[in-house]
Protein chains: 2
Amino acid sequence: MTILALETYNIHIGTIHESHIEWLRDKNYAGIAILMDENTAQHCWPKIEDLFAPFSPTLIKIQAGEINKTLESCQYIWQQLFDIQAGRRWCLINLGGGVIGDMGGFCASTFKRGIDFIQIPTTILSQVDASVGGKLGIDFYGVKNSIGVFQNPIAVWADPQFFETLPTREIRSGFAEILKHALIADAEQWEELLLISELNKIDWTSWVARSVSIKRSIVEEDPHEHGLRKALNFGHTIGHAVESYFLDTEKHLLHGEAIAIGMICEAWISVQQLGLREEELQEITSLLLWHYGHQFIPAGAYDELIATMKQDKKNTDARIAFSLLPAIGEVEPMETAEELVIMAALDFYNRLGH
Amino acid sequence: MTILALETYNIHIGTIHESHIEWLRDKNYAGIAILMDENTAQHCWPKIEDLFAPFSPTLIKIQAGEINKTLESCQYIWQQLFDIQAGRRWCLINLGGGVIGDMGGFCASTFKRGIDFIQIPTTILSQVDASVGGKLGIDFYGVKNSIGVFQNPIAVWADPQFFETLPTREIRSGFAEILKHALIADAEQWEELLLISELNKIDWTSWVARSVSIKRSIVEEDPHEHGLRKALNFGHTIGHAVESYFLDTEKHLLHGEAIAIGMICEAWISVQQLGLREEELQEITSLLLWHYGHQFIPAGAYDELIATMKQDKKNTDARIAFSLLPAIGEVEPMETAEELVIMAALDFYNRLGH
């Protein structure tokens, strides 16, 4: 097992076993509730259920999907906690992907002004992304993660055995965040990633640990996203908007699939504004299209996409904020781009589909 | 003006004037929104409106009253902030009593994972209580302050000129918290308070400053209420339940009126369990009845009151937690009491009305 010690909590990367449970027993909580969705209840919970039996935990189950990452779901979770008379010395364990972790963490952080919580991220995306940084929240008013808090869990248990339960598409989606971490911070990792053409042969424990290390070093320098941490948003300004747009259509994109589109567009903007080389753009574009294919974005959607980007939390004023790449492995976290440039980037992406 | 310097922010007690505005100008916010209710919009805002004119603030108005301290009101406030395209570099100013401060602070702390906020408490209660300690939140599922966070404002401006706008009943309600601070921590202050029979002749600036000092010294030792800070809950276990109960009837009690009932009941429990002297109970009872009169509590409501107390955040297990007085000016913050004792305390209070 790899244990990354952070200032305030540890991330355990490896199989959950008896030593985790002993640690939890020593915390002596008044009660334990476990939040899961219908998927993690069916596929993940059975893998660890026996370990937790001594705690007689209360299970709180919600429906899966980003579409349920809402204030309504929070109300349901809070009410469940009230109904079992959970107090401040309870612990909420969030078993699931990003939705469960973000929303469960937010509910724990606000229930009676905050109870402890443990994240057990079950997807690649949530293990390499949500496991570090303390960003919690829900979607509100059509804007992703627009209501939330910064709060650290007391522990993260990232167990790659759960990846066996994931569909291929979900695995590919999580891989996008590993690609992003390399693109913004580690050109050597990027070179290695270029060689991976099949995702079913990866040593995930190693890649999760390496990718988490990149995120950790960035977040620890700038926990509240005043500057450097914005680097992690590479691909996300356009990617989030694309993800929101497709949420309202029949063709839902997974987070990583949307971010892959965002990374291509924002790499193109990086060429125009920061001198990223055309060959590097070509390399990024080829690898991302190889893994994620192409998804046409209707020109009629551009205005809506731009409007969503204007609501982005990263913006410090009326301009749309970006993290861009001067080169692979380097990042400028405080850039902006004009609407016409953004539209041209979307055009560039669309042309790749012909 | 009295300025109490806390570790993370200052509390200015005195008239709001140009120096406040200069400080705010130096913060260079991208925008300023001011939350108020219909009462503070009418009575308080006109007193400071001209000072704020240079910022062209956006005003967000909600309906007054604890009954509106809900998630629905938060949704309205968040939506207003989105509609004016407020970003992370905005500041929300909360102009009002406890409801505005608690809820506005909670909305600011969760909007885009947190923006700065300034508290301008306009009632005595909110100046001596909510101005220190960072407790924010709303009522949910019938439980007061059950969803929220701990977060400090960047400043508190406590201006006694606003008391001129308060009805007598509101002033009396706020005075209860000053009495409470003396009861738990300062026997000399209590002796002085015994001499006050008319609230219209008080030097409020001085009393606010002295009372805030007590709260500050307690909160700074235990910001997250693991132990000592629970002392501040004297009168509040029963008081909150009584307040909740009357919320659902035609006879709304103000917070301080309910806490006065709670203090009498909990002083009686203190006699039974911690040896508070009968003469001290008598002194407390007389002064509180003098200021607050008597309000009969139907025996049929006892079960509901107990059920509410069981939901109290201060409980660490199934037992109902209390802060009790071994003597006037001293406090034991980690006590509990049995249901039968609590009911006997309510009976004691009810008999005082005969």
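Mentor: Two residues are in contact if their C-beta atoms, placed from the backbone, lie within 7 Å, and in this predicted model the contact between the chains takes 32 residues from chain A and 32 residues from chain B.

Trainee: What makes up the side of chain A that touches chain B?

Mentor: Helix H4 (71–83), helix H5 (98–110), strand S7 (135–140) and strand S8 (143–150) of chain A each supply at least two residues of that side, and S8(A) gives the most, with 6 residues. Sorted by class, the residues of the side of chain A that touches chain B are 11 nonpolar, 13 polar and 8 charged.

Trainee: How do you know that the copies meet through the same surface?

Mentor: Of the interface residues of chain A, 100% are also interface residues in chain B, so the copies meet through the same surface.

Trainee: Why is the relation between chain A and chain B called that of a two-fold axis?

Mentor: Two copies of a chain are related by a rotation about an axis and a shift along it. Here a rotation of 180°, with 0.0 Å of shift along its axis, superposes chain A on chain B with an RMSD of 0.0 Å, and that is the relation of a two-fold axis.

Trainee: Which domains does chain A have, and how many residues do they bring into contact?

Mentor: The domain assignment gives domain 1 (2–165) and domain 2 (168–351) of chain A, whose C-alpha centres lie 26 Å apart. In their contact, 27 residues of domain 1 of chain A meet 28 residues of domain 2 of chain A. On the side of domain 1 that touches domain 2, H6(A) gives the most, with 5 residues, and by class that side has 14 nonpolar, 9 polar and 4 charged residues.

Trainee: What describes the packing of helix H7 and helix H11 of chain A?

Mentor: Two packed helices are described by the angle between their axes and the distance between the axes. For helix H7 (residues 168–185) and helix H11 (residues 255–274) of chain A, the axes come within 7 Å and cross at roughly 35°, and the crossing of H7(A) and H11(A) is left-handed. Among the residues making this contact are Phe175(A) and Leu183(A) of H7(A), and Ile259(A) and Met263(A) of H11(A).

Trainee: What are the confidence scores of chain A and of the model?

Mentor: Chain A averages a pLDDT of 94, and 98% of the residues score at least 70, while the model scores ipTM 0.85 and pTM 0.86. Where pLDDT is low, the predicted coordinates should not be read in detail.

Key. Residues numbered from 1 in each chain as written. Chains lettered and ligands numbered in written order. Predicted model: local features only at pLDDT ≥ 70, side-chain atom pairs only at ≥ 80, totals over all residues. Least-squares fit on C-alpha atoms with pLDDT ≥ 70 in both. Helix = DSSP H or I, 4+ residues; strand = E, 2+ residues; numbered from the N terminus. Nonpolar A, V, L, I, M, F, W, Y, C, P; charged D, E, K, R; others polar. Axes fitted to C-alpha atoms, helices over the stretch in contact; angles between N-to-C directions. Left-handed = near helix turned anticlockwise from the far one by under 90°. pLDDT = per-residue confidence, 0-100. Domains from an automatic or database assignment.
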